[in-house]
Amino acid sequence: MKLTIFQTTVGQILTRTSGFLQSVSSHSLQPYCGCALGSSLCGVGCYVRHNIHITRGREWGSFVEVRVNAAEAYRSQYSREQAWARRSRGKFGIFLSSSTEPFQPAERKYRVTRSLLETMLELPPDFLIVQTHCPQVVDYLDLYPELGKRMQIRFHISIETDTDQLGELPKPASPIAKRIVAAGRLRAAGLRTVITVSPLLPIAKPEEFFARLTDVADAVVIDHFIGGDGSANGARTLRTALPLAMGAIDPGSVTLEYREKIIAIARRHLPGRVGVNIDGFAGRFLDGRYNASGNWVWGLER
Ligand code: SF4
């Protein structure tokens, strides 16, 4: 598929969350519109491909709009949105990103995500969740410890399966091994690191998979498309090629029983550090609890 990249400017970059993201953060932030990873494995079931406001009829994976003034827009919105978030949602928290990939190849040239992170050093949110499929997230390791002094910061790295080639599905944009190494580097730098198994795809050797993740992650999130894609009973994902391809590899994997089986295995390897669906994205883990200050404490703090 031909990829068209063009530069654009935006009036606003911070979007107040609604729907299922509301319980995760007050805002989402998209440095780009569109995603170059759209024709790889994660793009098949990507929820954004159904968002007509974003695609405007274009094929998902065929376009990337580079929001070149993102940092400037963040700066101009900061005070108002911070005040609104603290008043309405308790904390000013940012999810980077929910409908694009902040470390996609265009970032190497345009450095929009970097410009935003640098601006956050000066104008920090209360917390930041960095969500990515790209091992290039470690390119900015020079910034993260400083950001961590100014805000709570958590990294979510998506690894949906243990197999790089799943049946007839496209390959992932980056090998699983590279994402595992990236997670390990973040964690070794003292940064909270979560593997988001989202959407949960067939896992050939789940015991080995989760045993491997214990070395590189503080926690995992198990997110099946049923109950996890923001629609009733996974209706959104059922419109894509993903369920059929999953069923061809493991017929049970398209059921919630499969999710429960995988959760049970993950809990054995990471006790107190397994989250499910949106609760997991929000940092609310099975076996966790609220402390006296009203903050969620993971089942097992490290
Ligand atoms: S990286 Fe994220 S936004 Fe891009 S196609 Fe994959 S799931 Fe969708």
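Here is a friendly conversation about a predicted model and some of its strands, residues and neighbours.

Trainee: What should I know about the numbering and the kind of model?
Mentor: Residues are numbered from 1 along each chain as its sequence is written. The model is predicted, so local features need pLDDT of at least 70 and side-chain atom pairs count only at pLDDT 80 or more, while totals for chains, interfaces and linings use all residues.

Trainee: How many helices and strands are there in the protein chain?
Mentor: Helices (H or I, at least four residues) and strands (E, at least two) are DSSP runs, numbered from the N terminus. By that rule, the protein chain has 12 helices and 13 strands.

Trainee: What radius of gyration does the protein chain have?
Mentor: The radius is taken over C-alpha atoms, and the globule rule is 2.2 Å times the number of residues to the power 0.38. With 302 residues, a compact globule would come out near 19 Å. The protein chain agrees with that, at 18 Å.

Trainee: Is Arg67 buried or exposed?
Mentor: Arg67 is found in strand E5, residues 63–67. A residue is buried if 20 or more other C-beta atoms lie within 10 Å of its own, exposed if 12 or fewer, and partly exposed in between, with C-beta atoms placed from the backbone. Arg67 has 23 other C-beta atoms within 10 Å, so Arg67 is buried.

Trainee: Which residues of strand E10 are buried?
Mentor: Strand E10 covers residues 219–222, and both of its faces are covered. In a regular strand the side chains alternate between the two faces of the sheet.

Trainee: Which residue in E10 is the bridge partner of Val197?
Mentor: Two strands pair if DSSP finds at least two bridges between them. Strand E9 (residues 192–197) and E10 pair in the parallel sense over 4 bridges. In E10, the partner of Val197 is Ile222.

Trainee: And which residue in E11 is the bridge partner of Val220?
Mentor: E10 also pairs with strand E11 (residues 274–276), in the parallel sense over 3 bridges. In E11, the partner of Val220 is Val274.

Trainee: How many residues of the shell around the ligand are charged?
Mentor: Ala, Val, Leu, Ile, Met, Phe, Trp, Tyr, Cys and Pro count as nonpolar, Asp, Glu, Lys and Arg as charged, and the others, Gly among them, as polar. Among the residues surrounding the ligand are Cys35, Glu101 and His133. The shell divides into 5 nonpolar and 5 polar residues, and the number charged is 1.

Methods: Near = placed C-beta within 6 Å.
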